[in-house]
Amino acid sequence: MSTDGHISAEAFRDALVSASDRGCAEQEELCALDAAGFDVDESTLGAMPQRLAVRSYLLTMKDPAADAVRQWGRLGYPRRALRLHGAARVICERHRGEVPDSVDDLLALPGVGAYTAAAVASFAFGQRHAVLDTNVRRVLARLASGRPWPAPAVTAAEVALAQSLLPARQDLAARWSVAVMELGALVCTASRPGCEACPVAAGCAWHLAGHPVGARPGRQPYEGTDRQCRGRLLAVLRDADGPVPAASLDAVWPDASQRARALASLLADGLADHRPDGGYALPDSR
Ligand code: SF4
């Protein structure tokens, strides 16, 4: 504990890494079962990056993009499925089928940004990088900055803070990042932080200050939006074996102008093909 009553970076690291070890082992076991084809419930499988890692493992450049969109299912933001498929293609063409281990090479892959590159380099290759996802940003805002929410977008100060907390030892850095993610996902949740069970409560600036309120960054509505409309239309294409007539899309969204706008955006994003006979289908599907 430091003299100002806040937990030291070392104590924070030790408390979190040991608290997460058991949970990580359980998660790895579930992912292995899922990858091996056993029926693992998705809600049990847990964190999104681990689910996606399992799914991406199954994709190769030989699969049509439509398979990637189908595999993606209802995970949301379906453009990521196309980018993942594009990344698999580049990995096969430029890296002999091996996921590159350098952050620069990872950043050059379609759809890979700073978070994903750091996460892959850290978790797959054991390198020392600050991995800043939504949960980590919230934990660090509360713990170190005494604020309930992080800024709407990642700031240079947040990156510097996250890097300053990373263990110097490379072999501990990835475990540390998993531990902070897990703390944010399971304990320091957005709306109900479990401070009474938190291993770093004794040094948390926001907790010690009595949980002062702060404006929560705006959350995007979903009901009735173009995003929801896109999701309905894409579900029709995903669930069909081949092209569907326009009438099948008309049936799932009553607002014709919004439906036309959403369909145009799916076509522009490459998530749907307009067939010569007037039907619609997933990209590259037969
Ligand atoms: S003490 Fe509470 S607010 Fe602070 S990190 Fe733990 S769960 Fe989050």
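**View 1. The shell around the ligand divides into 11 nonpolar residues, 2 polar and 1 charged.** Here Ala, Val, Leu, Ile, Met, Phe, Trp, Tyr, Cys and Pro count as nonpolar, Asp, Glu, Lys and Arg as charged, and the others, Gly among them, as polar. This is a predicted model: local features need pLDDT of at least 70, side-chain atom pairs count only at pLDDT 80 or more, and totals for chains, interfaces and linings use all residues. Residues are numbered from 1 along each chain as its sequence is written. The ligand is surrounded by 14 residues (near means a C-beta atom, placed from the backbone, within 6 Å). The closest are C188, C195, C198, C204 and H207. Two helices, α8 (134-145) and α11 (205-208), each supply at least two shell residues. Helices are DSSP runs (H or I, at least four residues), numbered from the N terminus. With 3 residues, α8 gives the most to the shell.

**View 2. Helix α8 packs against α9 (residues 156-165).** Their angle is about 80 degrees, and their axes lie 11 Å apart. Axes are lines fitted to C-alpha atoms over the stretch in contact, and angles run from 0 to 180 degrees between N-to-C directions. The two helices are therefore roughly perpendicular (65 to 115 degrees). R137, L140 and A144 of α8 meet E158, L161 and A162 of α9 (contact: C-beta atoms, placed from the backbone, within 7 Å). These contact residues divide into 4 nonpolar, no polar and 2 charged.

**View 3. T225 sits in the loop between α11 and α12 (226-239).** Why is T225 partly exposed? It has 13 other C-beta atoms within 10 Å. Buried takes 20 or more, exposed 12 or fewer, and partly exposed lies in between, with C-beta atoms placed from the backbone. The C-alpha atoms of T225 and Q258 are 8.6 Å apart, although 33 residues separate them along the chain.

Key: Parallel < 35°, antiparallel > 145°, perpendicular 65-115°, else oblique. Contact = placed C-beta atoms within 7 Å.
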